Amino acid sequence: MSDVMPAIATRPSISFEFFPPKTEEMERSLWEAINRLAPLHPDFVSVTYGAGGSTRERTHATIARIIAETDLTPAAHLTCVNASRADIDEVVRRYHEIGVRHIVALRGDPTTGIGTPYVAHPQGYQTSAELVASIKRTYPEIEVTVSAYPEKHPESRDFDADIDTLQAKIDAGATRAITQVFFDNELYFRYLDRVRARGITIPIVPGIMPMHNFKQAYGFVTRAGTTVPAWFAAQFEGLDDDPETRRLVAATIAAGQVHKLAKHGVDAFHFYTMNRADLVFAISHLLGIRPTGAKKAA
């Protein structure tokens, strides 16, 4: 087996993304995942955020509990969607007050759905760069991470315009970018070449999504502009009613992807966990990351 997947020379940095739970059952599942993954000592864990008060409050509650009950470093997602500057500034203030020092700042998807035109709130931040600049102006000690798009943001005119947007976010104070999910590593390496050729030096961390449920995830990622190669989709054919084999296939594919990235010098990975620990834990293990005694969440 070592000939197939040799050990990575140095331990990569990892981070995990979760989403706020909507029900008590989802809350239990989330915290089972956090308990399982915390001993891997990720650099940080992020919690996503949607427009509207209820999602916003669930994100805040999840972040607050992570701070209170674990040794993990949380990063709070924040978007410009459907909120005034004053509302967003208040969210940032509340996060700062409870000890958050890392924000993932995003423009966010249109409330009318991915693929429809984005309309900024008239009193809101018009772009993610404006949001980044405001956070850094008020709280210079907060680290800000932003998004990057190996296949170009679906709304960008071309790659040059897309990289202009990334540069604007960096100029505003962002110090890391996490990519939209991708399944073809060449897309990531070509994007990295374009970005570096423009003089951008911040880490561009690959976003990795193990496909727990291929059919469900396929619709989501393709609407967001991610290409799913034919060879990739073929691996899941005939497995709609076989979740156990689906998990094994998903873990194998994602492990192979991150291992190849690591062999080419990538030393940080951000995992979209979908609030599940099993595949991400297995992939981290194959990267040489082992659990050590971290304080467990209650």
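## A cavity by helix α9

Helix α9 (residues 243–263) contributes four residues to the lining of the second largest cavity, the most of any element. Helices here are DSSP runs of H or I with at least four residues, strands are E runs of at least two, and both are numbered from the N terminus. This is a predicted model, where local features need pLDDT of at least 70 and side-chain atom pairs count only at pLDDT 80 or more, while totals for chains, interfaces and linings use all residues. Residues are numbered from 1 along each chain as its sequence is written, and side-chain values use heavy atoms, with hydrogens and water left out.

The second largest cavity comes to about 40 Å³. Its lining is Phe183, Met209, Pro210, Met211, Phe232, Phe236, Ala250, Ile253, Ala254 and Gln257. By class, that makes nine nonpolar residues, one polar and no charged ones. Nonpolar covers Ala, Val, Leu, Ile, Met, Phe, Trp, Tyr, Cys and Pro; charged covers Asp, Glu, Lys and Arg; the others, Gly among them, are polar.

## The largest cavity

There are two cavities of 30 Å³ or more. A cavity is a set of points on a 1 Å grid over the protein atoms alone where a 1.4 Å probe fits but cannot get out, and lining residues have an atom within 4 Å of a point.

The largest cavity has a volume of about 60 Å³. Among its lining residues are Tyr149, Pro150, Glu151, Lys152 and Phe182. This lining splits into six nonpolar, three polar and two charged residues.

## Aromatic pairs

Ten aromatic pairs turn up in the structure. Rings of Phe, Tyr and Trp (its six-membered ring) pair if their centres lie within 6.5 Å; planes under 30 degrees apart are stacked, over 60 edge-to-face, and the rest tilted. Phe183 and Phe232 make a tilted pair, 4.4 Å centre to centre with 40° between the planes. This pair links distant parts of the chain, 49 residues apart: Phe183 is in the loop between β6 (176–179) and α6 (185–197), and Phe232 is in helix α8 (residues 230–234). Both Phe183 and Phe232 are buried, meaning under 20% relative accessible area with a 1.4 Å probe, protein chains only.

Ring pairs also join Phe183, Phe214, Trp231, Phe232 and Phe236 into a cluster.

## Charges over rings

Two arginines have their charged ends over aromatic rings: Arg65 over Trp31, 4.0 Å from the ring centre, and Arg194 over Phe159, also 4.0 Å from the centre. The rule asks for NZ of Lys or CZ of Arg within 6 Å of the ring centre and within 35 degrees of the ring normal.

Notes: Buried < 20%, exposed > 50% of the residue type's maximum accessible area, 1.4 Å probe, protein only. 1 Å grid on protein atoms, 1.4 Å probe; cavity = no way out; pocket = protein on both sides within 12 Å on 5 of 7 lines; lining within 4 Å. Points joined across faces, edges and corners; volume = space filled by probe spheres on them.
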